[in-house]
Amino acid sequence: MDKKTYLLTVAVIFSVIGIVHALRLWFAWEGVIGGWIVPQWLSLVAILAALFLAWQGYLFAQKR
């Protein structure tokens, strides 16, 4: 796998993660990890982080 394909794959994966977290906020889905209920605001942080990483992946892929 060349570098551009890798970067685009990573960007798509992080985009999907960001979209799923946005859907969690929109539909008020409950997230539970080992009995701990994940607060909704944590999904907002995850959206920002995932979409930033996806954006960086797209940018780096365009430079290659």
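Predicted model: local features only at pLDDT ≥ 70, side-chain atom pairs only at ≥ 80, totals over all residues.
When residues up to four places away in sequence are left aside, serine 43 touches His21, Arg24 and Leu25. The C-alpha atoms of serine 43 and isoleucine 17 are 10 Å apart in space, while 26 residues separate the two in sequence.

Tyrosine 58, by contrast, is placed in helix H2, and its relative accessibility of 33% makes it partly exposed.

The structure also holds 2 aromatic pairs. In the pair formed by phenylalanine 27 and tryptophan 29, the ring centres are 5.5 Å apart and the planes stand at 20°, so the arrangement is stacked, given that planes under 30 degrees apart count as such. Phenylalanine 27 is partly exposed at 47% relative accessible area, and tryptophan 29 is likewise partly exposed, at 42% relative accessibility. Phenylalanine 52 and tryptophan 55 form a tilted pair, with 6.1 Å from centre to centre and 55° between the planes. Both of these residues lie in helix H2, where they are 3 residues apart, or about one turn of the helix. Phenylalanine 52 counts as partly exposed at 46% relative accessibility, as does tryptophan 55 at 47%.

Methods. Residues numbered from 1 in each chain as written. Heavy atoms only, no water. Contact = heavy atoms within 4.5 Å. Helix = DSSP H or I, 4+ residues; strand = E, 2+ residues; numbered from the N terminus. Buried < 20%, exposed > 50% of the residue type's maximum accessible area, 1.4 Å probe, protein only. Phe/Tyr/Trp six-rings, centres within 6.5 Å; stacked < 30°, edge-to-face > 60°.
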